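Biologist: Before I rely on any label in this entry, I would like to go through the labels with you and ask what each one rests on. Could you show me the sequence and the model first?

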Amino acid sequence: MSTSIETITLPPQLTPTTATARRSDFPLIPVIILGVIAFTAVFANFLAPHNPEVGSLTARFHPPFWQQGGSMEHVLGTDQLGRDVLSRLIFGARVSMVVGFTAVIFAGVVGTVLGILAGYLGGWVDQLVMRITDAWLALPALTFAIFLAAIVGPSMWNIVIILGAVYWTRYARVVRGEVLSLKEREFVRLAIVAGCSKWTIMRRHILPNVVNSAIVLATLMLGVVIVAEASLSFLGVGVPPPQPAWGLMLSDGKQGLMVGYWWLTIFPGICIMLMVLSANLLGDWLRVKLDPQLRQL
Amino acid sequence: MKQFITRRLGYSLLSLLVLSLTIFFFVRVTGDPASLLVEPGASEADIAAIHQKFGLDKPLWIQYALFMWSLFHGDLGQSFYYQTPVFELYLDRLPQSLLLALVAMGFSLIVGIPSGILAAVNVGRFWDSFGKMFTLLGLSLPSFFVGLVLILLFTVYLGWLPSSGAGGPLHLIMPAFALGWYFAAAHMRMTRSSMLEVLGSEYVKLARLKGLPQVLVIGKHAFKNALIPVLTLAGINLVLMINVAVVVETVFAWPGIGRLLYEGISFRDFPVVQGVVIMGGTMIIAVNLLVDVVYAVIDPRIRLEK
């Protein structure tokens, strides 16, 4: 019985190392883009050449400077009320940044706290939080947001609250899952033996361990929230006019689209796209970097 | 089996209950619901009539019972603008939404599945990176921007396609593309990961050991199994497409449910908004239940899981 077992080496089908290595490279360009947008948002008052909310009706629909009829006075042209597009884009960055960050943080805090409570306390708290989460996740986020916006009426801060109310469920679900496995770990048991109260354990031992996931999720949610804000503004239930928001500009731009006033659509669209793309790239990188277990998030 | 379905059904009913409570609660917590339920500029008497009709002067739990009672009878209220029951409006618009969703789904599968397979077979190489870029773009580009750019290109500059409304097949192309774009990316990602999982399994290794050519391994052995999760996702997404098309339908003036929701917002027609939300949530909960049950029937392992 000396049948030698032939060993066949299959060519490796998966080469995750190269993929991960490339992906964990620091996303420099997205960070620069987000940095520039943040800078613009903060210093909008100094950067904008014109008042974003006031235009002159004699200067309507001016094209960007390189097209015939355009001038350096309005570098990226003017809209249907003669307002300067560049200035509106610059102030629009502020709206996107403020709504995006505050809504993500608001949703994150609510979701993380409820996720920890549900996961650690279990019992009826868990049931209550998770049933609400399940039911709310069943509604398409945008439809839910439209419904809430129709009730409370449009304003920038209402949008923040609405988006927070819609998106906290995503955090709650992920955080609860993490807490369920964390609470079986040695260090939590030791803390219980040492006589820590439930609150102390949740605050001092559980929370620091779920913060990473929450941050990764927050970065990934930033893009989602910005698109949601733009969609709401586009539909007329978001940031009310004449405030400059990118989604609102796209909605206004529709009027001029059919006659070829492309700059009213393309510029705000590119701004949204760049910001969302950058947030997603940064989120992807953070996910690999901070939280290797959560790659399937 | 029976136990599984009962439990799953129970969860769905619970979700529906929570959903109805949420909607009921939000409408009432933000002030007098009568102000939402009457037409803008209604008289005192109209408001009093609404209070009477919906029993807004009664205790909350009776109000909720009344609310649920009319829901069970398919009564979603009366539209202010159209002066017809919301439920009828919804059913009128449903076929158009379904048509758009089906075409968009077809498009997203035709793009998503082959590119997903291509990416899975070439992990870490050109097609995979290309696919990754494509997914990222698909998930990052808001559909209304895609739609507006399409109009600019194909209607304004080239004059090939009509920009709005429903009619011939030409009207479908741009809205279906704008709607399917995001889902194509999602389907591609799903195909890729599902394919990778199957390719790592024992029976595919065996097929390779037998010396089968790559085409047969992929096409005959791996593909069929990898397709199951993708088609499940597609089924859920079809229902989702009907309910998230509001932006795309607004851009292209497509007369579907999304457009109905948009009209509801613009005309301050609150019963319409509420009706669309209720119907959407119910449909999605129902399809999730259906998927779970079908999976349990096919795969006994799921049934036994807690």
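This is a predicted model: local features need pLDDT of at least 70, side-chain atom pairs count only at pLDDT 80 or more; totals for chains, interfaces and linings use all residues.

Biologist: Why is B:Ala253 called partly exposed?

Modeller: A residue is buried if 20 or more other C-beta atoms, placed from the backbone, lie within 10 Å of its own, exposed if 12 or fewer do, and partly exposed in between. B:Ala253 has 14 C-beta neighbours inside 10 Å and therefore counts as partly exposed.

Biologist: And what makes B:Gln83 count as exposed?

Modeller: B:Gln83, in the loop between helix 4 (60-72) and helix 5 of chain B, has 7 C-beta neighbours inside 10 Å and so counts as exposed.

Biologist: What is there to say about phi at B:Gln83 and at B:Ala253?

Modeller: Phi is near 60° at B:Gln83, a positive value in a residue other than glycine, and near 50° at B:Ala253, again a positive value in a residue other than glycine. Most residues other than glycine have a negative phi, and most peptide bonds are trans.

Biologist: Which form does the peptide bond from A:Pro241 to A:Pro242 take, and how do you know?

Modeller: That bond is cis, with omega near 5°, and A:Pro242 has its place in the loop between helix 9 and helix 10 (246-257) of chain A.

Biologist: Turning to helix pairs, why are helix 10 and helix 13 of chain B called roughly antiparallel?

Modeller: Helix 10 (residues 214-244) and helix 13 (residues 270-298) of chain B pack at an angle of about 175°, with their axes 10 Å apart. Angles under 35 degrees count as roughly parallel, over 145 as roughly antiparallel, 65 to 115 as roughly perpendicular and the rest as oblique, which makes helix 10 of chain B roughly antiparallel to helix 13 of chain B. Residues making the contact include B:Gly235 and B:Val239 of helix 10 of chain B and B:Gly280 and B:Val287 of helix 13 of chain B, contact being C-beta atoms within 7 Å. By class, the contact of helix 10 with helix 13 of chain B has seven nonpolar, five polar and no charged residues; Ala, Val, Leu, Ile, Met, Phe, Trp, Tyr, Cys and Pro count as nonpolar, Asp, Glu, Lys and Arg as charged, and the others, Gly among them, as polar.

Biologist: How does the span of helix 6 of chain B compare with what is expected at 1.5 Å a residue?

Modeller: The expected span is 1.5 Å times one less than the number of residues; helix 6 of chain B, with 15 residues, reaches 21 Å from its first C-alpha to its last, close to the 21 Å expected. B:Gly131, B:Thr135, B:Gly138 and B:Ser140 of helix 6 of chain B are buried, and what covers the buried residues of helix 6 of chain B includes helix 9 (198-235) and helix 11 of chain A together with helix 5 (86-121) and helix 8 (170-199) of chain B.

Biologist: How many residues of chain B are in contact with chain A, and of what class are they?

Modeller: In chain B, 46 residues are in contact with 44 residues of chain A. Helix 1 (2-29), helix 6 (126-140) and helix 7 (143-157) of chain B are among the elements that give two or more residues to that side, which has 32 nonpolar, twelve polar and two charged residues.

Biologist: Finally, what is each chain built from, and how much of each is buried?

Modeller: Chain B has 14 helices and zero strands, and 37% of its 306 residues count as buried. Chain A has eleven helices and zero strands, with 46% of its 297 residues counted as buried.

Methods. Residues are numbered from 1 along each chain as its sequence is written. Chains are lettered from A and ligands numbered from 1 in the order in which they are written. Axes are lines fitted to C-alpha atoms, for helices over the stretch in contact, and angles run from 0 to 180 degrees between N-to-C directions. Helices (H or I, at least four residues) and strands (E, at least two) are DSSP runs, numbered from the N terminus. Two residues are in contact if their C-beta atoms, placed from the backbone, lie within 7 Å.
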